[in-house]
Each structure stands twice: as C-alpha cells, then as structure tokens.
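Hi,

Here is the structure I said I would pass on.

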Amino acid sequence: MKLWEVVPVLLIALLIIYPTPVESQAITGTDFPYARFELRTPPQEAPFPGMGNYYSALSKGIETVLWNPASLTDIKYVQSSLSFISELKTYEYAYSYETEDGEESLGDQENFKVGYYFTGDETVTAAATREHTSHSLYNTQSTGIKFKQALRVNDWITFGILSHSDGGASIDLSGNFPAIVKTRADFYGSADFMGSGLAIDSDGYLTFTHTEEGGSTYQYTTSEKLWSGFLNQTSTVPLTVILESRNDISVDPGITLCGAVEWRDLSFGASFTPISATCNVNNTARGVIHEGTPDIFIYQPDFDPDDEDAALNWVQDPNQYNSEAGYKINTINVPAGATVAEARAKGFYEASTMRTDLGLSYDLGDILTIGLVLENVGGASLNFVGQGRVVYVNSRVSTAEPTGFDDPSQEFHWDLFKDNFEPVEGTEDLFLE
C-alpha cells in the first residue's frame, strides 16, 4: 500500500469496520467508534407456552387468530381486548480491535520514509500496532398498544380485527479517528545518495567519488558535516476521519383483518395483513486535514551530481553544504483545513406487501380437534425500491509517485493533493442494491 492511497483506503475501512475482540499486546490508541444499536420488536405472545407453534388445533378466539384464523368461530358473541406493553433493556459493551501503522520509502531512497500512523500523537517516530476501543450501547424494546376485537355475526360467520406495533432496528455510528501522515528523512549513513558517487557517513560528512575516463579516481570530502536541516527532515500532516452513520429499518404490519365461517364441525378462516416497510441508509466518512498544517518542504543538494566541477565546488564550499543556501527547496502544498477524501453510502427504500394466512379446524367429537394452517399463502415478500441512492469513495490524494528527487538537475514534481476529487481506484462500480 502506497502512502498516497492511505487516506481513501482508511475511509473505506472505517466505514465498514466492525470491531472484534483481540488478545495481542498493542499500544493504546483511540476510542472509536461510538455505536448505538436498537432493536424494536413487537410484543411477543405465547398463549400456549412450551409448545412452540404446534397448537393450531387448540387456538380459540381473537387472541390466537394469528396461529389459526379458523379459531374465530369458537367465540359466542363478542370478544375484545386492549393492552399496552412497554419493555426496555439496555446493555453497554466495549470491544477492542487493532490497526497497523505503515512506512515505505519515497522513490528509491531508503533513507527517506513516508509513514501513516493511526494516532493523534504528532511526535510519533515509528510504526506500531495500536489497540483501539469501540464503545456501544445496545437496547431492545418491545412497546405498543394492541387492540383486538372479534364479532360473531350469526351462527356461521365471524369477523375480527387486530392492530399491531411496528418493529425494526437502527444502527448509529459516530466518532473522530485521528491519523498522521509523516515524511521523515535521515540521511546519516547514506552509502549512495542520489546514485552518483555521493555518500554520507554516520557523522554527516559527505564524500564525492569521481572516476575519470582514464581510470583515475578522485574523492572529495567535506571538511564539516552537512546542514542539519537536510540531514534530518520531518513534515507532519495530521488529519481526522470523521464518521457519521445513521441506518434505520422499520416494518409496520398495521392491522390484520380476518374472518371465519363454520359449517357443522368444520371451520375455515382467513387473515389478511398489509405490511409496509421503510429503510433509511445514510453513512458518510470524511478525511479532513487539520487547520494550520504547514506545507511539506523537501530539501536537495543544489547541484548536478553528474557535473564534476559543480559537485566539487559544492563539496568544497561550507557556505553551501553547511547552510540552507546550498539546498534546493521543494514545496508540496497541503490543503490545510480541507476535506481530502470522502466516502458516502446513502439511500431511502420503501416496500409493501400483503400477507395471507389460511386456517382449518375440524372437531372429531368432544375430545379431539384437528387443525391445519397454511402460512403466507402466495409467498408475500418485501421487495424494497430505493430512491436517492448515492454511493462513492472520492479522494484528492494523488496516486502518482514523485519525480526528480534523485536528480537535482531535474525539476522535482509531486502533486500529493489534487485540486479536484476523483473516484478511488476499484470503487467506480460501487452501488447500493
């Protein structure tokens, strides 16, 4: 993974991450994300505890019509009930997960590193494994007003109506995740700096080795160490990934209309439940560079290493190699305070259907009843249709590698941050189904 791909990849990872427990040792990192999970369930009813759903023949009246609509015929005149149910349970959890910092060389220079670190500590100097903690609040609630009523019209037909509470779930995630992008150069002990016979020893002295056409070899060594601003170069770009995730699904069965007919010892019933559902998806993650972040400066010796005279003059002049004046300054503009990467998944979905259940019961004398239930006849399902669907992962971070770093005679060029957002490679075909 290249440094300039880190920010968009980080965004994608944080958007879909689900923390899992870990046991390995790691440096303590960030609390991220904060999550809220809520499950809304309709009130549960169990008129015959311990028997599962295998009691269609025992069902009687409006209270059990959802298990067998034919049970409506077992009432005498009118049956009704009104109930209010409210239950809320809340749990708190904390999960740990790990991230791995990374470093890589800039171009062919092993002494020039570019690193990304998943921490807000700008003094970080080395890659590490970092342990982060996610905090979540989980609750389940069962609430709503239920109304049921059945009316026997005559000896052979009965009608009923039931109201239902909606159910659903919501998942919300939020938080700020800090990260550091840092360029670090340590040219002490660089054996072949710029690939043209230039070597820097462990004390910071530079030696220039040149071989003439006749085979004679000359070496020139600086009388003082090189300018410290060149030997050690560090630039820090702190950024924060801001995650905001709101997702909610709601299923509302509304009411159930049911009816049953009775002929002698045989009863037949049917129930019809119109169901509507909505789903709202809204997830965003942005990588923002901190306000006041300075531009990145990269220094190079200001001479052509292939020009012996120029190299010799530079090596023998302390006013050049021992001061900023003898170095070429390359500036990489940093858009401080700006968003440099953004990911979004957004959409609103709706669905509706009609569920139909059929039931049958037959009395074989006073001690035995046979029941038969056909659930969801026709196989009704919720086929969601989306509106306003948007999904993308865009970035201003360039994937182009720098040029001209190894040769000061060439123009140094590295547009680390582009002016316009572009899709991150590999995400062009993302979509919300």
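Predicted model: local features only at pLDDT ≥ 70, side-chain atom pairs only at ≥ 80, totals over all residues.

Let me start with strand 14 (residues 296–301): five of its six residues are buried, so the strand is largely enclosed by the rest of the structure. Buried here means under 20% relative accessible area, exposed means over 50%, and partly exposed is in between (1.4 Å probe, protein chains only). Helices (H or I, at least four residues) and strands (E, at least two) are DSSP runs, numbered from the N terminus.

Residues are numbered from 1 along each chain as its sequence is written, and side-chain values use heavy atoms, with hydrogens and water left out.

Back to strand 14, which runs antiparallel to strand 15 (residues 327–332) and is joined to it by six bridges; two strands pair if DSSP finds at least two bridges between them. Phe-297 has Thr-331 in strand 15 as its bridge partner.

Tyr-91 and Tyr-138 make a stacked pair, at 6.1 Å centre to centre and 25° between the planes. Tyr-91 sits in strand 2 (residues 78–100) and Tyr-138 in strand 5, so this pair ties together parts 47 residues apart in sequence. Tyr-91 is partly exposed at 35%, and Tyr-138 is partly exposed at 26%.

Phe-230 and Tyr-327 are stacked too, with ring centres 5.2 Å apart and planes at 25°. Phe-230 belongs to helix 2 (residues 228–231) and Tyr-327 to strand 15, so here the parts tied together are 97 residues apart in sequence.

One more for strand 5 (residues 129–152), which holds Arg-130. Arg-130 is buried at 6% relative accessible area, and its side chain makes a polar contact with that of Asp-101 at 2.7 Å. (That is a pair of N or O atoms within 3.5 Å; within protein, one must be able to donate a hydrogen and the other to accept it, and residues adjacent in sequence count only if both atoms are side-chain atoms.)

Cheers

Definitions and conventions:
Phe/Tyr/Trp six-rings, centres within 6.5 Å; stacked < 30°, edge-to-face > 60°.
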